[in-house]
Amino acid sequence: MSRVFSGAQPSGNMHLGNYLGAFKNWAKLQDSHECLYCVVDMHAITVWQNPADLRDQTREAAAAYMAAGVDPDRSILFNQSQVPAHAELAWIFNCVARIGWLNRMTQFKDKVGKNREKASVGLWVYPNLMAADILAYRATHVPVGEDQKQHLELTRDIAQKFNTDFETDMFPLVEPIIQSEGARVMSLRDGSKKMSKSEPSDMSRINMGDDADTIALKIKKAKTDAELIPERADDLDGRPEARNLIGLYAALADISRDDVCARFAGQGFGAFKPALTEVAVDKLAPITTEMRRLMADKAEIDRVLARGAERANAIAAPILGEVKSAVGFIGASS
Ligand code: AMP
Ligand code: TRP
C-alpha cells in the first residue's frame, strides 16, 4: 500500500520554486498513487499572519495546487485546520520527539537566527506537526523540495520511536520523493540562497501570478557571470547563478541540464535569457490564468476544501482512534 501526502504553507506568494520543487510533481503522482494535498494553515501561524490575509492566501494556495494540475476529484485537497487529527496527533508527537531532535533542525535555526527566545513555541515544534500531517494518514511517500529532507528524517525518527515505545507497527517509515531537476531553485539575485517567499526583494523570485513582462524583466535582471555556457552541466561548478538558470530551463522544459548545455553551448547568458523567458512564460501563463479564474469564485474553493476535509477526516479519524488506544487513552475505540 502506498499513499502520497504533501503540503505547502499559505504564507504569501507561491513561486517558481514551489511549482518546480513540489506542485508539478504532485500533479504527476496522481497517475500512480492515492494522493492527499494539504494547505498547512496551522503551520503558517507559527509566524504572525493577519487573519483576513490568511483566509485569502489559503484559497490562493488551493488555487495554485489546482492550477498546477492537482485534481480535487482524484486527490484529496484540503486545509489542515479543518481536520482535527493533525492537532491531536501533533500533541502526542510532542511527547514522543525529544528536545534535542528539534534543536538540530536547520530550518528552525535559519528562521530564528539570533532571536530564538522571541520565536513562537509553535515554530519550534513545527516538525512534529508535519510528522502528524503525514502519519495521520499512514502516508508512505512525500514529494517535497530538498529543503524538507531533514524534516522527513525526523518524521521517520518519530514513527520509529512511537512504534518501539508502544510495541506496535502503527506507523510506516516515510520515503521522500525528490526530483532530479527543480528540487532546489535558487534566488535570481543570489545563487547561494534558495528562492523563497520570505525574501524581501520580489526580484529574487518568479511568482506564480507574475505576468509575461514581469517574468521577462526578472530574468533579464537575474544575476549571472560573463562566461559562456559549457557543453556539460558538470562544468558549471563554482558558478551558482549560471547553474541555477540552466537548472531552471531544464526543469521547465523537462529535459536534463546536460541537454540544456548541449543546446546552448558556447553562447553567453545574453542569448540564453530570452530563451529561458520564453519557456518560463510558456509554462507559467496557463497556470496564472487558471489561478485567476479559480480565485474569482472563492465560495467554490471553500466548497472544494470542505469536501476534501471530509474525505481526509474519514481516513484520519480511525487511525487516530488506534493511536489513542495504543497510548492508553480511554475512549470510543479502546
Ligand atoms: P513552502 O513554500 O516552504 O511551504 O514549501 C512548499 C513546497 O515547495 C515544499 O515541498 C518545498 O520543499 C518546496 N520549495 C519551496 N521553495 C523551494 C525552492 N526554492 N526550490 C525547490 N523547492 C522549493
Ligand atoms: N514544512 C513544509 C514546507 O515548509 C510544509 C509541510 C507541512 C509539509 N506539512 C507537510 C510538506 C507534510 C510535506 C508533508 O515546505
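Reader: Okay, first thing: which domains is the protein chain divided into?
Author: Keep in mind that this is a predicted model. The chain splits into domain 1, which covers 3-184 + 298-327, and domain 2, which covers 209-293.
Reader: And how far apart do the C-alpha centres of domain 1 and domain 2 lie?
Author: They are 30 Å apart. In the contact between them, domain 1 supplies 13 residues and domain 2 supplies 14 residues.
Reader: Switching to ligands. Which residues are closest to ligand 1?
Author: Gly145, Asp147, Val185, Met195 and Lys197 are the closest, out of 18 residues that surround ligand 1.
Reader: What's 2.9 Å from a nitrogen atom of ligand 1?
Author: That's a backbone N or O atom of Met195. Gly17 also has a polar backbone atom 3.2 Å from a nitrogen atom of this ligand. On the oxygen side, a polar backbone atom of Gln9 sits 3.0 Å from an oxygen atom of ligand 1.
Reader: How much of ligand 1 does the protein bury?
Author: 92% of the 480 Å² that ligand 1 exposes when taken alone.
Reader: Now ligand 2. How many residues surround it, and which are the closest?
Author: There are 13 around ligand 2, and Gly7, Tyr126, Met130, Asp133 and Gln148 are the closest.
Reader: Which side chain has an N or O atom 2.6 Å from a nitrogen atom of ligand 2?
Author: Tyr126 does. Asp133 puts a polar side-chain atom 2.7 Å from a nitrogen atom of ligand 2, and for Gln148 a side-chain N or O atom is 3.0 Å from a ligand nitrogen.
Reader: What's the burial figure for ligand 2?
Author: The protein buries 91% of the 360 Å² that ligand 2 exposes on its own.
Reader: Let's do the packing. Which residues touch the most other members in the largest nonpolar core?
Author: Leu16, Tyr19, Phe23, Tyr65 and Phe272, in a core of 58 residues. Helix α12, residues 269-295, gives the largest share of this core, with ten residues. Domain 1 and domain 2 each contribute at least three residues to this core.

Definitions and conventions: Residues numbered from 1 in each chain as written. Chains lettered and ligands numbered in written order. Predicted model: local features only at pLDDT ≥ 70, side-chain atom pairs only at ≥ 80, totals over all residues. Heavy atoms only, no water. Core = buried A, V, L, I, M, F, W, Y, C linked by side-chain atoms within 4.5 Å. Buried < 20%, exposed > 50% of the residue type's maximum accessible area, 1.4 Å probe, protein only. Helix = DSSP H or I, 4+ residues; strand = E, 2+ residues; numbered from the N terminus. Domains from an automatic or database assignment. Near = heavy atom within 4 Å. Polar contact = N/O pair within 3.5 Å; in protein donor to acceptor, adjacent residues only side chain to side chain. Areas by Shrake-Rupley, 256 points an atom, 1.4 Å probe, with all protein chains shown as cover. Contact = heavy atoms within 4.5 Å.
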